[in-house]
Amino acid sequence: MKKVTIISIDGGGIRGIIPGTILALIEQRLQDRLFDPDARLVDYVDFVAGTSTGGILGCGMLIPSENDPKKPKYTLAEVVELYLKNGEEIFSNPFSQKVKTFYGLKDEKYSNTNLKKSLNEYFGDTLLSQLIRPCLFTSYDIEERKAKFFKHSKAVESETEDFYVRDLSQATSAAPTYFETALIQSKAAESFPLIDGGVFANNPAMCAYAEARKCIFGDIANPTSKDMMMISIGTGSVKKPIPYKEAKNFGTVEWIKPLIDIMMSGNSETVSHQLEWLFDAGNNRQGYIRLEPPIGDANSDMANATKRNMAALKRAGVQFVQNNQEKIDEIINNLIDNKS
C-alpha cells in the first residue's frame with residue numbers, strides 16, 4: 001500500500017552539512033540502483049519540512065528547474081555546495097565586527113550580508129508557491145509572539161502567505177545572538193519580523209505530521225501515521241555534559257550557549273519520542289525513521305565554518321551512511337517500492 005513520504009530536517013547551523021551529505025548520498029544511490037543519473041530524491045518524496053538550516057536544505061531540494069517547473073533545479077550534492085562554498089563567508093567574524101558588537105554582547109554576532117547574498121544566488125526570485133512539493137518551514141514572529149509557518153498550501157491560495165524563498169530561508173535561520181531578526185515581506189507587501197524556528201521546533205517532524213494530516217496526496221486524503229513513511233534527520237548528536245560544579249554558578253552570559261544547545265537537542269529528542277509512539281499506535285512503527293548521526297571529529301559549534309570543520313562535518317555524513325548500510329538500503333528500497 002502506498003505511503004505518503006515525508007522528509008523532515010532539523011536545525012543546526014553549519015551542521016546542516018551532515019544531513020545534506022546523507023541525503024545527497026541517498027540520492028546518488030537511488031541513481032545507481034535505477035541506472036538513471038537524472039533521478040532525484042525529491043521524485044520519491046511527497047512532503048518536505050525543515051527548520052533553520054533544515055529549511056534551507058529543504059528549499060534547495062524544491063527549487064524548480066527553469067526548463068521544467070515540475071523538476072528540481074539542483075541535485076542534493078549541489079545544495080550541500082551552498083554550505084561548503086559559502087559557509088566561511090556567512091560565518092565570518094572579523095575583528096571590526098567583534099569590536100562593533102562587543103563580541104556579540106551588544107548586537108548579533110554575525111552580519112547577515114553574506115547569508116542573504118548566498119540565498120539570493122541560489123534561490124533568486126522563486127516564490128514559496130512555486131516550489132515543486134508541498135512543504136512547511138518554521139519561524140517565529142517576535143511582535144505577534146506566535147509561531148510562523150511557511151506553508152506551500154497557503155502560499156498557492158493567498159499572496160499574504162506567499163514569500164520569496166530567499167526571504168523565508170533567511171527568516172527560518174535567523175538564530176538569536178547569531179543573526180539579526182529578519183524583517184521580510186509577503187507577496188502582498190505585509191511585513192513580518194521573524195527569528196529562527198528552532199526556538200520552538202528545532203525538529204519540525206511533528207509540525208510536518210500535523211500539516212500532512214490536513215493534505216490530500218493523490219488517493220490518500222488526511223493521512224494518519226499508518227499511511228506515512230517519515231524520514232527525520234538530525235544535524236549531529238551532541239552529548240557534551242555540562243558539569244554541575246560549573247553550571248551552579250552560571251549567570252546570564254554563561255547560560256546562553258549551553259541553553260541554546262539544550263533547547264535544540266531537547267526539542268529534537270522529545271519530538272522523536274512522540275512520533276515513535278504515534279507511528280507505533282498506527283501499527284506502522286517501521287514507518288518512522290529517525291536518522292541521528294554522530295558528529296564525529298567535527299566541532300559542534302553551529303557557526304564553526306572553517307574549511308577544516310566543514311570537511312569534518314561532511315566526513316561525519318559519509319561515515320554515517322557507511323556505518324548504516326543496511327538502514328540506508330532499506331530506505332532506498334522503500335522509496336522505490338512506494339513509488340512503484
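The largest cavity in this predicted model has a volume of about 40 Å³. A cavity here is a set of points, on a 1 Å grid over the protein atoms alone, where a 1.4 Å probe fits but cannot get out. Grid points are joined across faces, edges and corners, and a volume is the space filled by probe spheres set on the points. The count comes to one cavity of 30 Å³ or more. E27, R40, L41, V42, M61, P72, Y74 and L76 line the largest cavity; lining residues have an atom within 4 Å of a point. Six of the lining residues are nonpolar, none polar and two charged. In this division Ala, Val, Leu, Ile, Met, Phe, Trp, Tyr, Cys and Pro count as nonpolar, Asp, Glu, Lys and Arg as charged, and the others, Gly among them, as polar.

Local features need pLDDT of at least 70, side-chain atom pairs count only at pLDDT 80 or more, and totals for chains, interfaces and linings use all residues. Residues are numbered from 1 along each chain as its sequence is written, and side-chain values use heavy atoms, with hydrogens and water left out.

The largest nonpolar core holds 74 residues. Such a core is a set of buried Ala, Val, Leu, Ile, Met, Phe, Trp, Tyr and Cys residues joined through side-chain atoms within 4.5 Å. Buried means under 20% relative accessible area (1.4 Å probe, protein chains only). L41, L62, F123, F150 and L335 touch the most other members. Helix 1 (residues 17-34) gives the most to this core, with seven residues. Helices are DSSP runs of H or I with at least four residues, strands runs of E with at least two, numbered from the N terminus. A second, separate core has 20 residues, including A212, C215, V271 and F279.

R15 lies in the loop between strand 1 (4-9) and helix 1. R15 is buried, at 6% relative accessible area. A polar atom of the R15 side chain lies 3.2 Å from the backbone oxygen of T235. For the backbone oxygen of G236, the distance to a polar atom of this side chain is 3.0 Å.

T138 is found in strand 3 (residues 135-141). T138 is also buried, at 0% relative accessibility. Its side chain makes a polar contact of 2.7 Å with the side chain of T51. A polar contact is a pair of N or O atoms within 3.5 Å; within protein, one must be able to donate a hydrogen and the other to accept it, and residues adjacent in sequence count only if both atoms are side-chain atoms.

Terms used. On a 1 Å grid over the protein atoms alone, a cavity is a set of points where a 1.4 Å probe fits but cannot get out, and a pocket is an open set with protein on both sides within 12 Å along at least five of seven lines; lining residues have an atom within 4 Å of a point. Buried means under 20% relative accessible area, exposed over 50%, partly exposed in between (1.4 Å probe, protein chains only).
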